[in-house]
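Here are my notes on the metal site and the ligand site. Please read them against the structure shown below.

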Amino acid sequence: MITLSVIKADVGGYVGHSSMHPDLMATAQEFMEKAKGQGLLVDFHVTRCGDDLELIMTHEQGEGNECIHKLTWDIFLTCTDVARKLKLHGAGQDMLSDAFTGTVKGMGPGVAEMQFEERGSEPVLIFMADKTSSGAWNMPLYKIFADPFNTIGLVIAENMHSGFSFEVHDVKEHRKVVFDAPEEIYDMLVLIGAPSRYAVKCVRHRPSGEIAAVSSTDKLYQTAGRYVGKDDPVLIVRSQGKFPAVGEVLEPFTMPQMVQGWMRGSHHGPLMPCSILQSNPSRFDGPPRVVCAGFQLAGGKLIGPRDMFDDPSFDEARHQANLAAEYLRRHGPFEPHRLPLEQMEYTTMPEVMRKLEGRFSPL
Ligand code: F6R
Ligand code: MG
Ligand code: MG
């Protein structure tokens, strides 16, 4: 059994929150090489999306392993030091605790991990987003694993015809529920159509129960007790064979769906698929980005990456995202560009209300 772990954090932006300084990636690379040399990792790849440092690892330690989590924690801490020396923006932003307690879960970084038996051919796609939150995966996951207009394999491939099951997390009440698709899609859509409250955590093949996709759903504000950052989530998807084909997995991203995040984590904006090199959200600190690194696994080795959105067939999605961004921007401080009051990461509402106390009179 091999475990694929993707653990990420924003430990400092360059310039502002728009991108990442190369020294952070070089530092992470050094640590990872050492861990691989010591036999803790089978393989690794260090990359980024916007200002988020993304650590992709394969190993034989299983999910939630303390040594793997400690390795990434130490990397984020050391990178925070580098960020502080360069006075990068928001150094240590996602490091919400001083002490490591056996896991990075709930401490700021985002985590997606899956353990499985590597198949004869094992294509995996790793999606990474910046300036948005974990509910952003709900629509693409639904389309990939439950929508026959997106995934023709659900209709004409015998090994996918039984459908997939979705584990949905209620991020507010900290509880979960599993739905079988296609039988229960109407019930499921009531929940996952509200992505700020319900997020798809994982998807499994039916009837085998084999893991197909896992997302990070760690809401930072739950962790910090207040809203300190949109999660900038990650998602792992296995592909081909009994899972959707690479093209079926990428297809939902041709529609730049509206997500929460963007400037000050307080706006709606289109999710723009782009190459890793172009993941530098600059206009109004956005628009939100999604990148995808594709790999073939070979005995746990990460053969790749292929930069999956580095393809002119996604130009039109980028164009549409820019049109939607322009349209939304013209709303300025008004909803629905600006998020509803209770979902904004930045707010002056309590102070404004305090100031206005006594000035309100009954209608
Ligand atoms: C959004 C984001 C940025 C910042 C904004 C203000 O997720 O990271 O839009 O919220 O640039 O940043 P600070 O408060 O660090 O000056
Ligand atoms: Mg940042
Ligand atoms: Mg970020």
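**Notes on the two sites**

1. The side chain of His 89 has an N or O atom 2.6 Å from an oxygen atom of ligand 1; a polar contact here is a pair of N or O atoms within 3.5 Å. A polar side-chain atom of Asp 285 is also 2.6 Å from a ligand 1 oxygen, and a polar backbone atom of Arg 264 lies 2.9 Å from an oxygen of ligand 1.

2. This is a predicted model, in which local features need pLDDT of at least 70 and side-chain atom pairs pLDDT 80 or more, while totals for chains, interfaces and linings use all residues. Residues are numbered from 1 along each chain as written, chains are lettered from A and ligands numbered from 1 in written order, and side-chain values use heavy atoms, without hydrogens and water.

3. Residues around ligand 1 (a heavy atom within 4 Å) include His 17, Lys 131, Trp 262 and Tyr 346. By class, this shell has three nonpolar, three polar and three charged residues.

4. The magnesium ion (ligand 3) has Asp 51, Asp 52, Asp 130 and Asp 232 as protein donors, all through OD atoms, at 2.1 to 2.4 Å. Donors are N, O and S atoms within 2.8 Å of the metal (3.2 Å for Na, K and Ca); water is not among the atoms, so sites may look incomplete.

5. Asp 51 bridges the magnesium ions ligand 3 and ligand 2, which lie 4.1 Å apart.

6. Asp 130 is buried at 0% relative accessible area, and Asp 232 is buried at 6%; buried means under 20%, exposed over 50% and partly exposed in between (1.4 Å probe, protein chains only).

Key:
A polar contact is a pair of N or O atoms within 3.5 Å; within protein, one must be able to donate a hydrogen and the other to accept it, and residues adjacent in sequence count only if both atoms are side-chain atoms. Ala, Val, Leu, Ile, Met, Phe, Trp, Tyr, Cys and Pro count as nonpolar, Asp, Glu, Lys and Arg as charged, and the others, Gly among them, as polar.
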